Amino acid sequence: MARILLTLFFLYVIGNTLNRYKYYWKRFKYSQLVPIFMGINIALVVSYLSVGSNSIMGKAIWILSYPYCSPILLVNALLMFLIIGKIRLRSTKINYLASSTLAIYLIHSQPVILNVIGKAIPVLKDWSFDNVSFLLLIICYTLAIMFVSIFVDKALQPVWSYVIRLGNIANMHYYKFIGQQ
């Protein structure tokens, strides 16, 4: 839990710093950022799949690239912030789905879910014919986890609204009690 909070805090600091120095990063074009982002990610996937997960090089690529606080992942997150900062969307559907991103992150990072994901990866590898089909299965599996997390978040929305109302009522009574209203 502490690692998740630390990661969220770090991402907030990155976002805040990007906002504070937006005059600097605004000069980067979308057409420059996307190829860099895609290139890094394609290189990571291809390098990992080409050397295999059991080799020393595969393990080194995994350790340096995929843990939560790896430098490559942080550069990836920074590029993602810059790319998303350039996109101007006015879609209620996208906003509806985007409002569940924290839920997706928190749900998929729970030990029980990580255990399920960890057990599913070898099964998906067995089902695949080659690296491309394995990659497609991973993408489908990731999308399924994402949509299940969104469903859970949206199903619990009335509960969160009720808890927020109770908190507002308790807050109002507290301020009345201490005489600051």
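Phe 151 sits in helix α9, where a helix is a DSSP run (H or I) of at least four residues, numbered from the N terminus. The residue is exposed, at a relative accessible area of 59%; exposed means over 50%, buried under 20% and partly exposed in between, using a 1.4 Å probe and protein chains only. The model is a predicted one, with local features needing pLDDT of at least 70, side-chain atom pairs counting only at pLDDT 80 or more, and totals for chains, interfaces and linings using all residues. Residues are numbered from 1 along each chain as its sequence is written, and side-chain values use heavy atoms, leaving out hydrogens and water.

Helices α9 and α10 (157-178) each give two or more residues to it, and α10 has the largest share, with 8 residues.

Back in α9, which spans residues 131-155, there is Lys 154. Lys 154 is buried but has no salt bridge, and the nearest oppositely charged side chain, Asp 153, is 4.2 Å away. What does the side chain of Lys 154 reach at 3.0 Å? That would be the backbone oxygen of Tyr 96.

Zooming out, the protein has 10 helices and 0 strands, and buried residues make up 18% of its 181 residues.

How values were computed:
Lys and Arg count as positive and Asp and Glu as negative; His and the chain ends are not counted. A salt bridge is a side-chain nitrogen of Lys or Arg within 4 Å of a carboxyl oxygen of Asp or Glu. A polar contact is a pair of N or O atoms within 3.5 Å; within protein, one must be able to donate a hydrogen and the other to accept it, and residues adjacent in sequence count only if both atoms are side-chain atoms.
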